[in-house]
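Please look through the sequence and the structure shown here before reading on. The briefing that follows takes up a few places in the chain, one topic after another.

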Amino acid sequence: MYTFDSRIRYSETDRECRLTLESLLDYFQDCSTFHSEDLGVGIEYLNERNLFWVLISWQIIIDRYPKLGEKVTVGTFPYAFKGGFGYRNFCMLDEAGNDIAKANSLWILLEKDILRPGHPTREMLEKYTLEEKLPMEYAGRRIDIPQNGGMKEAITVMPWHLDTNNHVNNGQFVRIAMSVLPKHVSLAQMRAEYKQQAHLDDILHPYVGCRTGDAGQNIWVVSLQDAQGGIYANVEVEEKRCADA
């Protein structure tokens, strides 16, 4: 497993001085980026071959939110390649090695000019060491959209939403989704599925709905859509049960 050590910064915390969901996601993204860069198959390597990785889905399970100043270890590894698809796990651990959060993700490698699925190069396959996937309850990729919701105020894609591929970064989609949800208790799980790219000046129309989980917890879904109802991304967040909060 590839890891790096860090410490929870004030800029990453909420009003209770706990790490935010969005900052946790940033840690995971940074970890996979560091991993690829240190192996020599990062952004520059991909650009030279007209390739880029696109995230298709996230599933993040949160045991707890670390507090300001807490020392953590962030880790990641790929566990499978199937054609142009890559499967990658993530984790955040405390100083004692206990789980704080873990995640599953699915990526696809695309050719830049034609947006056609590519294939990892021999060098990439040799450098990425596959490991056994993490023990966790793996959810499906598809997110069901509740029918009891409504539309929120539209959001315009701004330059700070974009990443090096000039489309909205997957973490920014989650930030936008979280910004339109009511303020509520800590979240136990986040899932996201990405349907199409969003670019500068695109208009995102957030549809927000809620359903009740098996344990009575609220499960919120934000569907970020275009004017015709086409989906950019769906984000689902599950509240912690009262007994776990």
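Is Ile100 buried or exposed? In this predicted model, Ile100 is buried, because its relative accessible area is 1% and buried means under 20%. The points below begin with the surroundings of that residue and then turn to strands, a helix, loops and aromatic rings.

- Ile100 is found in strand E5, which covers residues 99-111.

- Strand E3, made of residues 71-82, is joined to E1 by six bridges, and the two strands run antiparallel.
- Gly75 has Cys91 as its bridge partner in E4.
- E3 and E4 form a hairpin with two residues between them, and Gly83, which is in the turn, has a positive phi of about 65°.

**Helix H4**

- Helix H4, residues 170-179, is mostly covered, since eight of its ten residues are buried.
- Among the buried residues of H4 are Asn170, Gly171, Gln172 and Phe173, and Val174, Ile176, Ala177 and Met178 are buried as well.
- At the start of H4, the backbone nitrogen of Gly171 has a side-chain oxygen of Asn169 within 2.7 Å of it.

- Thr20 lies in the loop between strand E1 (2-7) and helix H1 (21-39).
- Thr20 counts as buried, because its relative accessibility is 16% and the limit for buried is under 20%.
- The side chain of Thr20 makes a polar contact with the side chain of Ser23, at 3.0 Å.
- When residues up to four places away in sequence are not counted, Thr20 touches Glu12, Thr13, Asp14 and Tyr65.

- Lys133 has its place in the loop between helix H3 (122-127) and strand E7 (150-151).
- Lys133 is partly exposed, because its relative accessible area of 45% falls between the limits of 20% and 50%.
- Leaving aside neighbours within four places in sequence, Lys133 is in contact with Phe77, Tyr79, Asn89 and Tyr138.
- The charged end of Lys133 sits over the ring of Tyr138, 4.6 Å from the centre of that ring.
- The C-alpha atoms of Lys133 and Leu187 are separated by 23 Å, and the two residues are 54 residues apart along the chain.
- Elsewhere, Lys82 lies over the face of Tyr87, at 5.3 Å from the ring centre.

**Aromatic pairs**

- A pair of aromatic rings is described by the distance of the centres and the angle of the planes.
- The count of aromatic pairs comes to nine.
- Phe4 and Tyr27 form an aromatic pair that is stacked, with 6.3 Å from centre to centre and 25° between the planes.
- This pair links distant parts of the chain, for Phe4 is in strand E1 and Tyr27 is in helix H1, 23 residues apart.
- Phe4 counts as buried at 16% relative accessibility, and Tyr27 counts as buried at 3%.
- The rings of Phe81 and Tyr128 have their centres 6.0 Å apart and their planes at 45°, so this pair is tilted.
- Phe81 in strand E3 and Tyr128 in the loop between H3 and E7 are 47 residues apart, and their pair links distant parts of the chain.
- Phe81 counts as partly exposed at 22% relative accessibility, whereas Tyr128 is buried, with a relative accessible area of 5%.
- Phe4, Tyr27 and Phe34 form one aromatic cluster.

Notes
Residues numbered from 1 in each chain as written. Predicted model: local features only at pLDDT ≥ 70, side-chain atom pairs only at ≥ 80, totals over all residues. Heavy atoms only, no water. Helix = DSSP H or I, 4+ residues; strand = E, 2+ residues; numbered from the N terminus. Buried < 20%, exposed > 50% of the residue type's maximum accessible area, 1.4 Å probe, protein only. Contact = heavy atoms within 4.5 Å. Polar contact = N/O pair within 3.5 Å; in protein donor to acceptor, adjacent residues only side chain to side chain. Pairing = 2+ DSSP bridges. Phe/Tyr/Trp six-rings, centres within 6.5 Å; stacked < 30°, edge-to-face > 60°. Lys NZ or Arg CZ within 6 Å of the ring centre and 35° of its normal.
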